[in-house]
Every structure is written in C-alpha cells, then in structure tokens.
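This briefing goes through one predicted model of a complex. Look at the structure first, then read the points below.

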Amino acid sequence: MKLNRKSRRLIFLTVASAILLSLVPLPEILIPFKPYWVALVVIYWSLETQDTISLGLAFLTGVVLDILSGSLMGLHALSLVVMVFLVQHFRSRLRFFPPWQQALSVFVLLVNDRIILIWITALLGEPLPTWKYWLPPLVGMILWPWLFLLLDRIRAMSRQHKP
Amino acid sequence: MCLALQVNDKNLAHRESSGPGRWFGEDGTRTARLMIYILLAIVLMFMDQFGHYVPRIRSAMELAFEPVFHVVGWPAEALQALDQRTRERSDLIAENQQLLQQLLKVSGSVQTQVALQKENQRLRDLLGATRGRAYLFQFAEMIRVDLDPFSHKVWIDMGADKGVVIGQAVIDGLGIVGQVEDVHRHYSTVRLISDPDHALPVQINRTGLRTVAFGTGETSHLLMPNVPLQADVSPGDVIATSGLGDRFPPGFPVGEVERVERDSGETFAKVYIRPFAALDRGREVLLIDPQYVTNPLPVEQP
C-alpha cells in the first residue's frame, strides 16, 4: 500500500516527537516509570498501516535513538526491528483485539523487548538491573489505549485538512 | 540468530501457534530480512563496544544532532525559570542566609589552608622537592538530557570553544566525577568513574597504599579488586587519587571504604568504595585545567 506524502510526514513527526519525549529530562521519581515511547508509536504505526514501517525504517529509528540517548549503537535498532517484525507477523490478529487485549499484547511485546535488552547487557558484563527495570512495560500497557486514541485522533485530523 | 527464533517461538506459543506454513512465502522473506537486520545490529554493537570506527562515526553524528539537545533541555529550563520567578521571598532570604553561612565556613577553612600551603612550600623548598601544584578550574553544567541508564556518560555544556580537551578530569564539590571522553564544539561527553570499563589510580590516604579503583556499573559504589589480603584497609578510610597515569591529578578525594571482603581462598581482598561525588544527581561540575600550574598561584592574603 502506497501512502501519500502527508501520512509519511505524520509518521515521521510522531516518531521524532517520541524520540524527543524519551530524551526530555524527568523528575527523579518519575524516571523508573518512563515508558518506551518510541516503541509504542512504532507499534501503533505498524498495526494501523500495512508495511509503512518497514524493518529498515525501524532499524534506522533505533540507530538515531541510540546516538541520541548514548546507548550502545545497535541496541535500540535491534529491539525495534524485532518489535516491528513481531507486530507485522501477528498484525491480522492484533488489529481486531479489543483494546484491553491489545494492551496486554503490547505488554508482552515490551516485556519481550526488555528480555532481549537484559540479555545484551548481561553479555556486556553490566550488572543486572533491579526490579524497577520491569516497570516501563507496565506503564506502556496502561498508556497504550490512550496513546492509541490520541494517535487515531491526530491521524483523523490530518486527513480532514486537505493539503 | 537463535535469539530471533527464540523470540518468535515464545510469542508463537503465546497465541496459539500459527503453524510452520507461515514461515514460507511472503513471511519467509520477511524472516530473512529480520535475520539480516539482527545480524547488522549485532555487528554494530560489537563494533561500538570493541572497535574504533563506529565510536568515531557516532561522535560525528552527535555533532550533527547537537541542536536536538538544546531543544530537549528547554522544558526543564523553563520549569526551573518559572520556579525561580515564583519562589517566595522568605524562602529566598532563608536560602541566602544559608549560603552566606556556608561561604563563611568555607572561607574559614581556606584561611587555614593558605597558611598550610605556605608551610608546605617552605618544607618542600627545604627538601629541594618539586614545587607543589595548584589547579585552575573551569565551571561547567550538565546538560539536561536523560540518557540511557546503562551508559555511564553525561553531557556538559562546554566544548572545544571553551578549550576543553579529551582526558580532562572532572570533579564536583565533593570528589572525582569522571573524565572528558569526547569533545564537540559546544559540549563534551564525560565518562563517569562508575563505568565498568573505567579504572582510576587511587591511594588510601591513611596508609598510602596505591591501587586501582574500577567502576561497577552502579553509581553507589566502586571496587578495588586487587588489594593484598593482609593490607591495612578498614571501612571509613578515605580514598584519593594517586596521580599515577597522569590523567587525574593527585590528592583529590574519591570516596570512602564501605566494606572489605577478605576471602582467604582468594589472592586479593575486595574493597568497596562509596564515591563522594554525586554521580547520579549532581548538576554542576568543575573541569580541572590539564596544564596544572607547577608554581602555586599567588595566594591572596586573607
């Protein structure tokens, strides 16, 4: 499915703002709760549009996130590629789940992602993180339905305005 | 490779397996592409960790992304500005008073230090030893950006334009923070001493024992893994830089011994240090000028 330039731009804008959002400093107390914004937005787009977020695009997004957040180069790239692959694989089913079930699937995806990350950090000899490490998937799950509605609204609004 | 399969297997199991047929046809090529990207990511990670080219490319890219860091810092700066505007007058007066008291206390100890410095100098002259060193500091502030919690790196708001060079030691009001790792135009990155790859030549103040302190990946403690079993170390001992290795100037406090693990089966005792510097919450830091002045600065008479 070919997308017009406008929705491409919309995808670019939302992914870029998700990257910025993950860099914005938070008060100390909120830091452990910070959800994986980029993953949530990327999941949304690969659910709602067929193949616009290709694996290559996911990889590129991950590399940009790696550079900006100072993490190991390729870490987020790997995590987003796997994430998009899984969403594409189960897309036909995920799309028609009721919101709470969809949120649960998002939770599974995010936990899976954390498992991959913990595996890599363990290989690098970093100490294993504390239980707080598992909070972001939970927050992501809680935020998912609202984020979904918000992005749907943004998309509808951009459709109404003719270029 | 097997990672991807594992992942898939796990998720397949999660929602009733969709059968092996799914792996062929269009999905088959997708799986192949996934493999390629995963391999690429693994190569990237490997090269970033052990190679030289990727870190260099990365530093060039960071330069290109510099404006992003300024944009991201705005909300926090705006909030802080708002906070300062709306602060109560009484709060300000109280804070001012507290700062004045602190200043008085510090200038008191500086006065004794001036005398000590002079005495030290006289003794050194008597011994014909090298002259003492005094340092020049530059004030820098950490840029307000949340980085990956696993990278023990912070950004500071001074770069090549202010004369920052790679390897400069960074301290805060309490102790050693880290060293400058990469210098850009307007900002630089600092590697914290808590990084597992960071080694810091140190000395136990009480006994003069020289050893090396390694980061553990946690900001709350450092580790000295090769202290002899029978060495005289006990909790509470203050650890300072030894100045060996010519990267960190000698005599700056690092932390204090938290606990000592002596296992008779091992060759060395493990000594854990609690760093003084606010590695995880500090905002303002000082950069030590690399060309430390060999002649003590002319000290103003109090």
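A residue is called buried here if 20 or more other C-beta atoms lie within 10 Å of its own. By that rule, Ile11(A), Thr14(A), Val15(A), Ala18(A), Ile19(A), Ser22(A) and Leu23(A) are buried in α1(A). The coordinates are predicted, and the predictor gives the complex an ipTM of 0.82 and a pTM of 0.70.

**Helix α1 of chain A**
- α1(A) has 19 residues, and its first and last C-alpha atoms are 27 Å apart, close to the 27 Å expected at 1.5 Å a residue.
- An α-helix has 3.6 residues a turn, so residues three or four places apart point the same way.
- The cover over the buried residues of α1(A) includes α2 (37-48), α3 and α7 (135-160) of chain A, and also α4 (66-85) of chain B.

**Nonpolar cores**
- The largest nonpolar core has 53 residues.
- Val38(A), Val42(A), Ile43(A), Leu80(A), Val81(A), Met83(A) and Val84(A) have the most contacts inside this core.
- At least two residues of the core come from each of α1, α2, α3, α4, α6 and α7 of chain A and α2 (26-50) of chain B.
- The element that gives the most to this core is α4(A), with 11 residues.
- Leaving out residues up to four places away in sequence, Val38(A) touches Val15(A), Ala18(A), Ile19(A), Ser22(A), Thr61(A), Leu65(A) and Leu80(A).
- A second, separate core has 37 residues, including Ala169(B), Ile239(B), Phe276(B) and Val285(B).

**Where the chains touch**
- The contact is made by 34 residues from chain A and 41 residues from chain B.
- On the side of chain A that touches chain B, α1 (5-23), α3 (55-69), α4 (75-89) and α6 (99-123) each supply at least two residues.
- α4(A) gives the most to that side, with nine residues.
- Sorted by class, that side of chain A has 23 nonpolar, nine polar and two charged residues.

**Chain B**
- Chain B contains five helices and 12 strands.
- Of its 302 residues, 23% count as buried.
- Among contacts in chain B between residues at least 6 apart in sequence, 58% join residues at least 24 apart.

**Confidence in chain B**
- The average pLDDT of chain B is 79, and 82% of the residues score at least 70.
- Residues 1-24 of chain B have a pLDDT below 50, and this stretch has 20 contacts in the model beyond near neighbours in sequence.
- Residues 293-302 of chain B also have a pLDDT below 50, with 16 contacts beyond near neighbours in sequence.
- Where pLDDT is low, the predicted coordinates should not be read in detail.

Technical notes
Residues are numbered from 1 along each chain as its sequence is written. Chains are lettered from A and ligands numbered from 1 in the order in which they are written. This is a predicted model: local features need pLDDT of at least 70, side-chain atom pairs count only at pLDDT 80 or more; totals for chains, interfaces and linings use all residues. Helices (H or I, at least four residues) and strands (E, at least two) are DSSP runs, numbered from the N terminus. A residue is buried if 20 or more other C-beta atoms lie within 10 Å of its own, exposed if 12 or fewer, and partly exposed in between; C-beta atoms are placed from the backbone. Two residues are in contact if their C-beta atoms, placed from the backbone, lie within 7 Å. Ala, Val, Leu, Ile, Met, Phe, Trp, Tyr, Cys and Pro count as nonpolar, Asp, Glu, Lys and Arg as charged, and the others, Gly among them, as polar. The expected span of a helix is 1.5 Å times one less than its number of residues. pLDDT is the predictor's confidence in each residue, from 0 to 100. A nonpolar core is a set of buried Ala, Val, Leu, Ile, Met, Phe, Trp, Tyr and Cys residues joined through C-beta atoms within 7 Å.
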